[in-house]
Amino acid sequence: MGALQGIRVLDLSRVLAGPWCGQILADLGAEVIKIERPRVGDDTRMWGPPWMPDQDGNMTRESGYFQCTNRNKYSVAVDITTPEGQALIYEIAKTADVVIENYKTGSLTKYGLDYASLSELNPNIVYCSITGFGQDGPRAEEPGYDFIIQGMSGLMSITGEPDEVAGGAQKVGVAVVDIQTGLYSTIAIQAALIARSHTGRGQYIDMSLLDVQIAALANQGMNYLASGKAPQRMGNQHPSIVPYQTFKAKDKEFIIACGNDKQFKDLCIAIGYSELLENEKFVRNQDRVKYRNELVPLLSKHFLQKTAKEWVEMIYALKVPVGVINSIEDALAEPQIVHRNLVVNIPHHLNENFQTIGSPMKLSDTPVEYHHAPPELGEHTAQILSRFKTEEELAALKEKGIIDGKIA
């Protein structure tokens, strides 16, 4: 039994932030009904290659992007721009606990699928809107994309090498703003469900990608407020801890993360460079930060003497945080990752050996369960809508193009 068993989610979202939220809720046991456009589906269904191979190794039209964020959901293909399609959504909404949507501000009002409309049908509903900039403010009506938000929020100004080394701001290698917004949305939805048990009513949740990434500036945002100085790009160095960065060994780079003075002492011992401890500039972290430009070149020169593997083994022996820089292939093959079952097999209709990266949530009493693979477009249209319509009515709706998917 999942932690959220009995919770029904009407997921009107697409691409990543909303679907990521929906997938988390589905992993936790909620019934998540994903509404998609007939014949087209979620935008990310077309975001390939890569495509999932079928059982015989032939490429399907199921994109890796779509599959990363839609497992455990039910796909129902409905044209929400039509009165008949809207009527179907109303039927589902009457029985739902949660609605997730990420349309532009105000876009769903003309379809009667906004919070005001659906909460009249179901006052208990928790309605989560995800937009780029929120429901109010001078940019509220603009579309928002992860890449744009990474730039606007200041995240890219602190990501990448400094200008004197290479220059040029960099985005993070995954859509981190979308992911974080999905996580915050999940938290807000669960909080609203708990609140409903006290108040007896649902509520509206206004989530903004820009708000989330500003909040997620964390120490870097607070460093600016504390100092009045905007943090700059430092590559792989840390603004407040030294040494906490990558170093080049004889063959390739590796990572050292000394979080305190004892770890630095142990590092010096581990690498056979104890004379650094005789320099009072390097004993305390606050001084190492101040004299970073003296310490780092000394360490950099020293680390060129051995391979990354040799250094990692020597440093790890004294329990100083150290690690290699894996490719994704290497990361998924790490013994720790294998032990933690982060790659899971969920048989897909087109590929019994379908694999996906699993959930990191480990609950002792209500663990995450993988009931079904990311669905094909309209795979569950009949299964879900047969609760409200007869087979003949569904066939007629399909004939008119209002719905899509296997009906009988």
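Two strands count as paired when DSSP finds at least two bridges between them. Keep that rule in mind for the sheet described below. The model itself is predicted.

Seven strands form an open sheet in the order 8-7-6-1-2-5-14, and the pairing is mixed. Strand 8 and strand 14 (403-404) stand at its edges. Each has a single partner strand, so one side of each is left without a neighbour in the sheet.

Now move inward. Strand 1 (residues 8-11) pairs with strand 2 in the parallel sense, over four bridges. One of the contacts between them can be named: R8 has E31 of strand 2 as its bridge partner. Strand 2 covers residues 31-36, and six of its six residues are buried, so it is largely enclosed by the rest of the structure. Its side chains split into two sets. E31, I33 and I35 point one way, while V32, K34 and E36 point the other way.

What does the largest nonpolar core hold? It has 30 residues. Those with the most contacts inside it are V9, L25, V98, I100 and I189. Leaving out residues up to four places away in sequence, I189 touches C21, L25, V98, I100, V126, C128 and I205. A second, separate core has 28 residues, among them Y74, V76, V78 and I89.

Next, look at the domains. The protein chain is divided into domain 1 (8-216 + 338-404) and domain 2 (253-324). Their C-alpha centres lie 44 Å apart.

Turn to strands 9 and 10. Strand 9 (residues 244-248) pairs with strand 10 in the antiparallel sense, over five bridges. A hairpin of four residues joins strand 9 to strand 10. Across the pair, Y244 stands opposite A257 in strand 10. A257 has another neighbour in Q263, a residue of helix 9 (residues 261-270). Q263 also touches C258, V320 and P321, with residues up to four places away in sequence not counted. Is Q263 buried or exposed? Its relative accessible area is 18%, and Q263 is buried. The cut-off for buried is under 20%.

Aromatic rings come next. The structure holds seven aromatic pairs. One of them is formed by F254 and F303, edge-to-face, with 5.2 Å from centre to centre and 85° between the planes. F254 lies in strand 10 (residues 253-257) and F303 in helix 11 (residues 292-303), so the pair ties together parts that are 49 residues apart in sequence. Both F254 and F303 are buried. F303 also pairs with W311, again edge-to-face. Their centres are 5.1 Å apart, with 80° between the planes. W311 is buried too, as is F303. Together, F247, F254, F303 and W311 form one aromatic cluster.

Charges meet rings as well. R14 lies over the face of Y103, at 3.9 Å from the ring centre. The charged end of R61 sits over the ring of W51, 4.0 Å from its centre.

Finish with a loop residue. L342 is found between helix 14 (335-339) and strand 12 (343-345). L342 is buried, with a relative accessible area of 17%. What surrounds L342? Apart from neighbours within four places in sequence, L342 is in contact with I337, T356, I357, G358, S359, P360 and K362. Take S359 from that list. L342 and S359 are 17 residues apart in sequence, yet their C-alpha atoms are 6.9 Å apart in space.

Key: Residues are numbered from 1 along each chain as its sequence is written. This is a predicted model: local features need pLDDT of at least 70, side-chain atom pairs count only at pLDDT 80 or more; totals for chains, interfaces and linings use all residues. Side-chain values use heavy atoms; hydrogens and water are left out. Rings of Phe, Tyr and Trp (its six-membered ring) pair if their centres lie within 6.5 Å; planes under 30 degrees apart count as stacked, over 60 as edge-to-face and the rest as tilted. Helices (H or I, at least four residues) and strands (E, at least two) are DSSP runs, numbered from the N terminus. Buried means under 20% relative accessible area, exposed over 50%, partly exposed in between (1.4 Å probe, protein chains only). A charge sits over a ring if NZ of Lys or CZ of Arg is within 6 Å of the ring centre and within 35 degrees of the ring normal. A nonpolar core is a set of buried Ala, Val, Leu, Ile, Met, Phe, Trp, Tyr and Cys residues joined through side-chain atoms within 4.5 Å. Contact means heavy atoms within 4.5 Å. Domain bounds come from an automatic or database domain assignment.
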